Amino acid sequence: MRTLGAICIAALAALPILAAGARAHAAAAPGAGHYLLSLDFGDTAAPGRQTVELPALVPVGPISISEGTADFGRDAVLKWQDFTHPQGPFTVEARFFVREYAYIEDLINTATWDDGPVQGFIFRVGGGFFYPILPRSAYGDESLFEKSVSDFDNTGRADLSRCVGEFAFATRSGGTAQWLEVYTDRCAERGQWNHMVAVWDGKDARIYLNGHDATDVWRLNGVGSRPMLDPVVRLTVGGRRPLAGGDDRHLDGKMDFARILDTAMGAQQIRQRYQDGLPDAAGRDFCHGVLIPVSPAAGQLCGKDSKFRFKVEVHGACADTTVKWDFKPGDSAEVEFARDAGFKDILLRFTVEDLEFNIDKALAEKGGVFSGAVYWRVRWTPKAPDVLAKTAAETGSPEWSDPKPLFLAYALPVGTGSPGPGSSARASAFRPRLSAVQGGYLLEDLTGPDVPRIYGLDGRAAPVRATRLSRGRWKLAVEGGGVYLLRTAQGALPLIF
């Protein structure tokens, strides 16, 4: 594969080297600032050597170099004990390959919090236990927001966000530590090469994934804050702590290059950097359109009536930024929903012919009950032959979008079958809803203030613990499964756990 790293070596070799105090800083391009870190593993078999005149990094643990990439194995990292932080706007960039997702996988890290004063920055894959709840204002349905809070805790959000990119830096260490944080609104794909760039321009931070601005606008934390960066710190590539065990946040995968620039790159420059790194058979040399999932928002809880929408964006060698691509009548798109971000466990697969669609029918055909994390992606099948046909011919298939993570809670109404013995005719019209959630079941639309009374078919009280969430909504913790009866003022209804 032709890499961006390999392309840039010759150009870098011809650039002048400027001295700054005791440390040499490499010029990136005229007027483009200087590299503070420039690791290109296509340049040399020495894992820590930089492509410009900067001190070599020390490998800790076995790092293997093959075909221009570094494989960090099970626990290896690169360490620079006295890295000099940028003092103004800066850019962090890497091209990497994730074998398997983990809780958090650091790409580049200079941060300290539990082993030193709070300072530094983090550039990583994985949102962790502090991946924020999607705010109430992102929901049009108040009940879905309430369910998102009650049904999915920080463990569930950490699992969901294993695939998202994050950039953060410390903004205050005294008292309660504070951080500026930005996340991607889509996943860095497992088993694929990803290009990710984080930029702080002196005021705002943004994060780009595979050539597109992927900043999650609902999860901007610490906007306008300035970074707290110690002048000289330890920098690591591929993990947080060298061979420390525990919370080492190791990258399970490979890296093509890792760079830090002491200036803020612009969107067009970032797109070009991504474009230059594509192999010739992946849309590198022609302009085309791709589909991008838009809504629901990343990490949103979706229900029966939630709408899904995607858009078209230009991609590839598009010198004219005014070029527009449209989803025309007769075009279609393949859509996949999976239970995992690596799309090993497909939940739904179907075709749509519009930019907006609903999955209610598809879920009902699958049995009508699901609760948990899901990920969706889309790819274009145009009716008329055009440049996308060239993409399919050269790569073997149209281009899948980067996946988008969300939560899904869906269930058909409870009370299937005819009412049990002793129930009244009114029971058939009274249909609360039951759905599986993390740690039990959610019972909704139950009238009356009393705790739900649930019995077995033998008339004995069932081993079910009910916790009230809000008016008409209860969470049920059930010991075992089976058929039970919910006794209400309207009669008895069967529940199937």
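A cavity, on a 1 Å grid over the protein atoms alone, is a set of points where a 1.4 Å probe fits but cannot get out. I start my notebook with that term, and with volume, the space filled by probe spheres set on the points, which are joined across faces, edges and corners.

**Ground rules.** This is a predicted model, where local features need pLDDT of at least 70 and side-chain atom pairs count only at pLDDT 80 or more, while totals for chains, interfaces and linings use all residues. Residues are numbered from 1 along each chain as its sequence is written, and side-chain values use heavy atoms, with hydrogens and water left out.

**Entry 1, the chain.** I looked up the protein chain and found six helices and 32 strands (DSSP runs: H or I of at least four residues for helices, E of at least two for strands, numbered from the N terminus). Of its 497 residues, 53% count as buried (under 20% relative accessible area, with a 1.4 Å probe and protein chains only).

**Entry 2, cavities.** My search turned up two cavities of 30 Å³ or more.

I got 24 aromatic pairs in the whole structure (rings of Phe, Tyr and Trp, its six-membered ring, with centres within 6.5 Å). One of them is Phe337 with Phe350, stacked (planes under 30 degrees apart) at 6.2 Å centre to centre and 20 degrees between the planes. Phe337 is in strand β21 (residues 332–338) and Phe350 in strand β22 (residues 346–352), 13 residues apart. Both Phe337 and Phe350 are buried. They also belong to one aromatic cluster whose members include Phe308, Trp376 and Trp380.

Arg240 lies over the face of Trp113, 3.6 Å from the ring centre. Arg377 has its charged end over the ring of Trp400, 4.4 Å from the centre.

Is Lys147 buried or exposed? It is buried, with a relative accessible area of 6%. Lys147 lies in helix α2 (residues 142–151). Beyond its neighbours within four places in sequence, I noted contacts of Lys147 (heavy atoms within 4.5 Å) with Phe152, Leu301, Leu442, Glu444 and Arg473.

Note on methods
1 Å grid on protein atoms, 1.4 Å probe; cavity = no way out; pocket = protein on both sides within 12 Å on 5 of 7 lines; lining within 4 Å. Phe/Tyr/Trp six-rings, centres within 6.5 Å; stacked < 30°, edge-to-face > 60°. Buried < 20%, exposed > 50% of the residue type's maximum accessible area, 1.4 Å probe, protein only. Lys NZ or Arg CZ within 6 Å of the ring centre and 35° of its normal.
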